[in-house]
Amino acid sequence: MASLRALSAAVAVALLAASASADSWLYEKFTTDGHVRADYNAQGQQVTSLILDRQSGGAFYSRQKYLYGVFSIQMKLIRGNSAGTVTSFYLTSGDGPGHDEIDMEFMGNSTGEPVVLNTNVWAAGDGKKEQQFYLWFDPAADFHTYTIIWNDRNVIFKVDDLFIRSFRRHADLPYPGGKPMSVHATLWDGSFWATQQGKVKVDWAGAPFVVSYRGYSADACTPNGDGRPLSCPAGTDRWMSRQLDAAEWGTVAWAKKNYMHYNYCEDGWRFPQGFPAECSRN
């Protein structure tokens, strides 16, 4: 009986190790910076934690750059008072003056208040295209899935199974379509901006602050340089031509009506000379 128990334990360990090996996405695909910890849950999923304290935050960013794709990750945000903190999952071509970027940023809040999800699209260095939503669930109680769909027609933002925004391409307006981008995740001190326009700062008595990521996936094309065709996975058509249908536009309308916190296309103070051209077309 003892030998049978030992054999069963050995099999269980081997299965967990094999599962963990198959899910080791962090160090295989990303470079880390700052406070980053990687563990495995009971199901063999790799769970990556970013940690923020007074000394440093945490980040990971992909070694590979992409040009169009579907990028998804599960996240569990900071418990309790997360005011002043910013957690992110985003794509960027770099930090130059004409860079492209697609953002999902979670702006922390005081205990009991809803967390704000800031979505933004940068094109040719212009990033004043924010739409912000109060999350309709507690993002710290469990993992939720956040997805960016990026193709040459639109950028689509999705939370779990609900589409909340589509930023469409217009031939005469800047669009993030010419620069390959890498995938980033960060946790940092955004006290100057994140909560109530910077009025509420990080309470360091609650540190360290921890955000957990798991289940990362990228179904995406990679550039080959020198004007050569992209290298794309099989079945690219399922997202390369993806646009929202009528029902999916219905969930966008639902999110806007019930949970929108800020829309750049309604901020007349910010745009006294008139709203950006896409506001009247999307």
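Student: What should I know before I start?

Tutor: The model is predicted, so local features need pLDDT of at least 70 and side-chain atom pairs count only at pLDDT 80 or more, while totals for chains, interfaces and linings use all residues. Residues are numbered from 1 along each chain as its sequence is written, and side-chain values use heavy atoms, with hydrogens and water left out.

Student: Let's start with the sheets. Which strands form the open sheet of eight, and in what order?

Tutor: First, the terms: strands (E, at least two residues) and helices (H or I, at least four) are DSSP runs, numbered from the N terminus. Two strands pair if DSSP finds at least two bridges between them. Here the eight-stranded open sheet runs E1-E4-E13-E6-E7-E8-E9-E15, with antiparallel pairing. Its edge strands, each pairing on one side only, are E1 (30-34) and E15. From one strand to the next, the twist averages 15°. Such angles are taken between N-to-C directions and run from 0 to 180 degrees, with axes as lines fitted to C-alpha atoms (for helices, over the stretch in contact).

Student: How many bridges join E9 and E15?

Tutor: Three, in the antiparallel sense. You can find Phe133 opposite Met260 in E15.

Student: And what is the strand order in the open sheet of seven?

Tutor: That one goes E2-E3-E14-E5-E10-E11-E12, and the pairing is antiparallel. E2 (36-40) and E12 are the edges, each pairing on one side only. Neighbouring strands are turned by 25° against each other on average, direction ignored.

Student: Now the salt bridges. How many does the structure hold?

Tutor: The general idea is that side chains of opposite charge can pair when their charged atoms come close. The cut-off for a salt bridge is a side-chain nitrogen of Lys or Arg within 4 Å of a carboxyl oxygen of Asp or Glu. This structure holds nine. One of them joins Asp39 to Arg37, with the closest N and O atoms 3.1 Å apart.

Student: Which residues are linked in a network of salt bridges?

Tutor: Asp126, Lys128, Lys129 and Glu278. Within it, the side chains of Asp126 and Lys129 meet at 3.5 Å, N to O. Asp126 is partly exposed, at 27%, but Lys129 is buried, at 6%.

Student: How do I read pockets and cavities?

Tutor: Both are found on a 1 Å grid over the protein atoms alone: in a cavity a 1.4 Å probe fits but cannot get out, while a pocket is an open set of points with protein on both sides within 12 Å along at least five of seven lines, and lining residues have an atom within 4 Å of a point. Grid points are joined across faces, edges and corners, and a volume is the space filled by probe spheres set on the points. The largest pocket has about 360 Å³. It has 16 lining residues, and the closest to its centre are Met107, Gln132, Ala194, Gln197 and His261. Strands E8 (116-122), E9 (131-134) and E15 (260-263) each give two or more residues to that lining.

Student: What line the largest cavity?

Tutor: Among them are Leu77, Ile78, Phe106 and Met107. The space inside is about 60 Å³.

Key: Buried means under 20% relative accessible area, exposed over 50%, partly exposed in between (1.4 Å probe, protein chains only).
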